Amino acid sequence: MSEIKLISENKINIGTNSKILLRKFTRPSTLISLGLLFLIIFCALFASILAPTNPYDLKVVSILDSRLSPGDKMLNGTVAWLGTDGAGRDVLSAIIFGLRTSLVVAISSAVIALIVGLFVGLIAGFYGGKIDAFLMRIVDIQLSFPAILVALVLLALLGKGIDKVIIALAIVQWAIYARTVRAAAIVERNKEYIQAASCLGLSNSLIIWKHLLPNSISPLIVLATLQTAHSISIEATLSFLGVGVPITEPSLGSLISNGFDFILSGAYWITFFPGLMLLATVAAINIFGDQLRIILNPRVNR
Amino acid sequence: MSLIVFFMINFVGDPVDMLVNPESLPEEIERVRKDFGLDQPAHIQYWKFLQGAMNGNLGNSFIFGRPALALIVERFPATLELATCALIIAIIVGLPLGIFAGLKPNSFGTRIIMSSSVLGISIPTFWLGLMMIIVFSVILGWLPVSGRGEIGSFLGIQSSLFTYDGLLHLIMPATNLALFKIAMVIRLARAGTEEVMSFDFIKFARARGLPSKRIVRFHLLPNILIPIVTVLAIEFGTLIAFATVTETIFAWPGLGKLVIDAIINLDRPIVVAYLMFVVTLFLILNLIVDIMYAFLDPRVRVKGEDQ
Amino acid sequence: MNKSFLKVVTFVVAISSVIGFSSSSVLSDDLKVALAAEPTSMDPHYQNLTINNSFATQVYNALVLQDVNQKLLPGLAKSWKPIDELTWEFKLRPGVKFHNGAAFTSEDVTATMKRAANVPNSPSSFATFIKGKKFEIVDDLTIRISTKKPNPFIPNDMSRIAIIDSAFVNSTTEDFNTGVASFGTGPFKFSKWLPGDLIEIKRNNAYWGDKVKWDNIIIRPIKDGTTRTAALISGDVDFIERVPPSDLPNLEKRKGISVFKSVSNRSLYLTLHMTDNPRRPYTMDNNDKPIASPFQDVRMRKAVSLAINRQAISDRIMDGLSSPAGQFSPKGYIGYSPNLKPDVYNPKRAKELMAEAGYSDGFKLTIHGPAGRYTNDTRILEAIAQMLSSIGIQTSVETMPASVFFKRFARGGANKTPEFTVAMSGYANGSGEPSHPLRIFIHTKQKKRGYGPGNRNGYSNAEVDKLIEDGRASMDVSKGEKKFIKATEIAMREYALLPIHHVVATWAAREGITYEQGALDSTFLHFIR
């Protein structure tokens, strides 16, 4: 939450000196994280082409293949380079598909939460007064419940399914965006050009849409990046606690938690490789988000 | 929120079907439902709940048959203990590292600290907890796996902090829970240090030729500590919430385990009481922080006025 | 003080485990046990729940005891017999004392029955075993129990109720939790309960039966199986129950650890919906149009049974810790029929049967089950989905927490009827009487008479119903059992339910400790030696 405050307090201007921008984008850590990110997204997009087998197709998966060590051959002759899990899924394929599931969940929940948060935040920030107080009270209440708990309760009630995980994660996230947008919108609202637009008789919705929105959006980009990483983690944790995606379509998180049952028996690969992938994904997004914040934030310039 | 949770739990499941033994006679099942008040329409149930809540009675747990609030209060010390230790670990480890990173932004050490702090934020708590059990308990056999250990008492306070066995049990879960916060303290401390070091009074102190140890201790530390402490105080609430995960892994007999079981078993009185408990805690923490902040840092008042 | 002594012990244990001594040098007769679940209360009459009941047997006795195979043994009653069609007479054991020193007499029995049937807020009451019976004191050590209809199972019912001292007939559940009222006649005395953390019990030196080996037992609930195993390996505890199947091979190889296994009477089964009234929404044709349940046709039920590779489930998912089942009772257990063998995997025949029944193109099906209720439940469901998919039934799986599952399983559908077309659930006979599963799952549903409360797929066969009812009215238990076995054979051949396997119960302990195992999968601490 601290990061959010930092962002919202700082005024952000994309049009900083482009030379500095370029220099920062070519820093090795940025490049590596960016590269990794592209690779991850590429894998997720072309999962069905890249993966050796389809781990979600129950006609193909067989428990007779279960718990093969890395490099063993499955019944249909495919080599399971990273072994197979307890249900007989090829771990490599399951990671690629699971990555897609995790990303889909994280990104769509971020987008939904962002849209809702943007809407609420802009209205609160623009109109102020009672509307602001009312909306922000809801936001405060929402934020006072720890995200992981709310998501847990919601999912225990909603049941399993990717759509339900997305809904639950969107519900726990929208308030964070709303608060950030509101802070940015308040700063913008008091600026002269908005007041001028208002004097010119432009309608409120037009002012919000044409002026307030574009100028409030940059802190959101950074926030959304970091929140995406966060949601991947939360989704994994929820799967670990036994709610979340259906068992026949595991995400990275559920792969890890299923695999943990086998770790004492020596089948480390079921939980280790997905764990590594999860770590790499979240770390890549986090580093990228960090860099983005530094780039977009003139105050940290040195 | 209590309303939403109340109605949704009602809608989704009925704990009676799970609790009641299938060999029971049908009139027994009806009797249980009546005892729990589940035979009435949801809005009447809710009204009764509100009436009870006014008198400080949040209902009896369906599963344990005891007041939900009493169960929560009973388990709270264990969670509090865990969260407090995690917080202390976070500060002890995070603060020096963060200050170092802030003082020497371009050194190799800083690089390592900062990249491990990114890793710290990125590793899911549960995965790290599992790995810790494997390494420290199963392979090395150094630390106990689960439970709270022996409880000692000191000045009338019961806590496992006062026994050797208790401390041994506490190390892993507290470290596990602390990890995320360590990364956070590092970042806060670094940002604070960078900011404060650029202020004139530090430059002045340097110009006076004060040793850097002294500058850090008397000029830097008090200034960066205020925001860190306030943020951590607010984060204490999330720490207690996140303890649910850690407690599940390490079988720590705290609130988290209670509430996860309650959620899974749809033990509505406990879930509702827990949510209300956490919110109250959160509000109190916020209040304390606000008061503290205004007291410690006069700038806040000025800042508050220009909005 | 006692506490400082404990401190020394735990310190020494901690040190020795750090240095890596084998713990075979037993320090004292203290035992630390990790169980998978925790009793919901220390009140033996609060909830009729397996874990509560098995814990209650440590501190309390019933009139009749059950051995590990649920054979009835004399308990606080040293003998019992029917004196006419409607009355049983129980002779009580003389000279038994409660932990608080009070003598045990027939007064305690009637007081217990009064309390056990009326515990406020009980989520699952013992009234089922008490209602409809009249308890009559003949003398200090004789009790008569009479019913309106012949009931051969009164001794079974009496084995379910823990006898308390009549002084505590009005005590609350809270009094039992705190230990104010928890005085039984059992092999252990209750010492303390810290909910979620531990239960401590001490040996009862005045116990009327075989004395137990341990001075003190500390019981810790550790829900997560892997954590439980890790606690044993690291020397944290001495004894655990329910070793996760995947950890077992490794534990068996490990030095200094002994493993105990036995086929339990806990079975896992599938129910297939057999009527079209009302239609349940989980079967669809290949164009996603809802269809009536194909399982009204016995050939389709058989096809499913033949498509399930029970041996593979046992080998690959349960690591050998299950035994393929064709009926409720495991071999050697009451009500077992030697004529019923588990179906052998035969996907070819399954496809033929589907074609004969007119489903050669297959259809779509959703199967349901609870998550985390039974060992490997979700994984077994997933495997069944794989197997059904491979014979052309496109199957998807939906799992949910037990509390949600059981509501929908019982009455989630239209007009509060059961919801699922195909669901997986589990069953273990707690009473030790052979008609128990038949009455609950197989008999036509007749709510008022207490028949078929668990019959959720609409199975109904008049011949089977009659066999069950006749058997239950016969005071000659062995004659009754023959009727029950006959009923079981008819029902299982019609696939009234599809048994999948019996779970093999497991325990593990550090070397030197033994455990006597039988058909029950719960843990009885007095059997640990």
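Predicted model: local features only at pLDDT ≥ 70, side-chain atom pairs only at ≥ 80, totals over all residues.
Q: Which elements of chain B give two or more residues to the side that touches chain C?

A: Those are α1 (2-12), α2 (15-19), α3 (26-35), α5 (68-103), α7 (125-139), α8 (164-197) and α11 (255-265) of chain B. Helices (H or I, at least four residues) and strands (E, at least two) are DSSP runs, numbered from the N terminus. The largest share, six residues, comes from α3(B).

Q: What area do chain B and chain C bury between them?

A: The size of an interface is often given as the accessible area lost when the parts come together. Here, buried area is the accessible area (1.4 Å probe) that two parts lose on being put together, summed over both. Chain B and chain C bury about 4500 Å², with 51% of it on carbon and sulfur atoms. The contact (heavy atoms within 4.5 Å) takes 54 residues from chain B and 56 residues from chain C.

Q: And what about chain C and chain A: what area is buried there?

A: About 2200 Å², of which carbon and sulfur atoms give 56%. Chain C puts in 25 residues and chain A 21 residues.

Q: Which side chains meet in a salt bridge between chain C and chain A?

A: Side chains of opposite charge can pair when their charged atoms come close. The cut-off for a salt bridge is a side-chain nitrogen of Lys or Arg within 4 Å of a carboxyl oxygen of Asp or Glu. Between chain C and chain A the count is two, and one of them joins C:D319 and A:R67 (3.1 Å, N to O). The interface of chain B and chain C has two as well, including C:K223 with B:D261 (3.1 Å, N to O).

Q: How many salt bridges does the structure hold over all chains?

A: There are 27. Take C:R510 and C:D238, whose side chains meet at 3.0 Å, N to O. This pair links distant parts of the chain, 272 residues apart: C:R510 lies in strand β18 (residues 498-510) of chain C, and C:D238 in the loop between α7 and β11 (239-241) of chain C.

Q: Now for a sheet: what is the strand order in the open sheet of four strands in chain C?

A: Strands of a sheet pair through backbone hydrogen bonds, either parallel or antiparallel. The order is β4-β5-β7-β6 (chain C), with antiparallel pairing; two strands pair if DSSP finds at least two bridges between them. The edge strands, β4 (77-84) and β6 (133-139) of chain C, each pair on one side only.

Q: Where in this sheet does C:T87 stand?

A: C:T87 is opposite C:S146 in β7(C). Five bridges join β5 (residues 87-92) to β7 (residues 142-147) of chain C.

Notes
Residues numbered from 1 in each chain as written. Chains lettered and ligands numbered in written order. Heavy atoms only, no water.
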